[in-house]
Amino acid sequence: MKYIQLTAATLLLTATAASAQFSGLHFGLKAGGTATHGYTTIPAQPTGIDNVQVPYLDNKNNGIGYGYSVGLYARKDMRKGFIQAEVTYNRFVLKQKTDVTLDVNANPALSNGLPVSFAPGVLNATLNVTSESALESINVPIMIGRRILDGKVRAYFGPNFIFVTKAEAIRNTGGQINANTTIGFAATPIPTSPSTTNLLNKYDAGVLEVKDFTYAADFGLGISPIKNLDLDLRYAIPVGKIYKDKNIGGYLGIATLTLGYRIF
């Protein structure tokens, strides 16, 4: 379904370009960078072991993640406004961090690394996790806009249809297994180690499986400093959500700065 929609959108832009000799109809190329920020909250999850859960996770923002955007556009000018359709390929990077304390039995990598097994509730570990989630997608935004300030500035908004082609998370996890003096267990450091998760694979990603199609609300401003050159700053909020699990919350915001060249 998504490829049919994408093909239709591409054909629309191609047809628009072929008709560019008509007044008020323009076609061009654009490229630039993306800056993503946000946070994610994940509810507690059962592990299948009695009284053991992966606790509530509050993944906080850990700085700005930078990516890119490249594609083409078609714009139809009207008396006071315009309609613009695009097809772009994008990379968005979200950086997060979290600290969590959990039962060692909630994490197989921890429990399997111990010399002996422990009953639930005997040992816990404090983990410090940083993550970098990267999503690549083909986007089809449809923008409706007006010219303001004597036509010098374009203001616009509209839906952005997002077809995800790749999504993965790279995590670095460290911390310690906490001491339990009752059983004579001393605090043990956990060396920081990386791991990679395919967020489009439900068996690998689990509750963090990403949708292969979603949509965003975009709004932005643009100027044309010289003839045939467009500079645009846009902000997008994925109102269609990113994750398949509806219980996952948080916020994601994407700023995109692009330079466009009008061919016709």
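The side chains of Glu-86 and Lys-30 form a salt bridge, with N and O 3.2 Å apart. Glu-86 belongs to strand S6 (residues 81–103) and Lys-30 to strand S1 (residues 25–42), so this pair ties together parts that lie 56 residues apart in sequence. The model is a predicted one. Glu-86 is buried, at a relative accessible area of 2%. Lys-30 also counts as buried, at 9% relative accessibility.

The pair belongs to a wider arrangement. Salt bridges with shared partners join Lys-30, Glu-86, Asp-218 and Arg-234 into one network. Arg-234 sits in strand S11 (residues 229–237), and its side chain makes a polar contact of 2.8 Å with the side chain of Glu-86. With a relative accessible area of 9%, which is under the 20% limit, Arg-234 is buried. Beyond its neighbours within four places in sequence, Arg-234 is in contact with a set of residues including Lys-30, Gln-84, Tyr-156, Asp-218 and Ile-254. The C-alpha atoms of Arg-234 and Thr-34 are 9.4 Å apart, although 200 residues separate the two along the chain.

The structure holds 10 salt bridges. Another of them links Arg-75 and Asp-230, whose closest N and O atoms are 2.8 Å apart. Arg-75 is in strand S5 (residues 65–77) and Asp-230 in strand S11, so the pair ties together parts 155 residues apart in sequence. Arg-75 is buried, with a relative accessible area of 3%. Asp-230 counts as buried too, at 5% relative accessibility.

A further salt bridge joins Arg-91 and Glu-136, with 2.9 Å between the closest N and O atoms. Arg-91 lies in strand S6 and Glu-136 in strand S7, so parts 45 residues apart in sequence are tied together by this pair. Arg-91 counts as partly exposed at 24% relative accessibility, whereas Glu-136 is buried at 12%. Strand S7 covers residues 124–148. Not counting residues up to four places away in sequence, Glu-136 touches several residues, among them Tyr-68, Tyr-89, Arg-91, Phe-163 and Lys-166.

Strand S8 (residues 153–177) and strand S10 (residues 213–226) run antiparallel and are joined by 11 bridges. Within this part of the structure, Pro-159 stands opposite Ala-217 in S10. S10 also pairs with S11 in the antiparallel sense, over eight bridges. Asp-218, a member of the salt-bridge network, has Ala-236 in S11 as its bridge partner. The hairpin of S10 and S11 has two residues between the strands, and in it Asn-228 takes a positive phi near 70°.

Positive phi values also occur in other loops. Asn-51, which is not a glycine, has phi near 65°. Asn-51 is in the loop between strand S2 (45–46) and strand S3 (53–54), and at 84% relative accessibility it counts as exposed. Asp-150 has a positive phi of about 60° and is placed in the loop between S7 and S8. Asp-150 likewise counts as exposed, at 78% relative accessibility.

Phe-219 is in strand S10 and counts as partly exposed, at 44% relative accessibility. Phe-219 is also one of the residues in contact with Arg-234, which is itself buried. In a regular strand, side chains alternate between the two faces of the sheet.

Note on methods
Residues numbered from 1 in each chain as written. Predicted model: local features only at pLDDT ≥ 70, side-chain atom pairs only at ≥ 80, totals over all residues. Heavy atoms only, no water. Helix = DSSP H or I, 4+ residues; strand = E, 2+ residues; numbered from the N terminus. Buried < 20%, exposed > 50% of the residue type's maximum accessible area, 1.4 Å probe, protein only. Contact = heavy atoms within 4.5 Å. Polar contact = N/O pair within 3.5 Å; in protein donor to acceptor, adjacent residues only side chain to side chain. Pairing = 2+ DSSP bridges. Salt bridge = Lys/Arg side-chain N within 4 Å of Asp/Glu carboxyl O.
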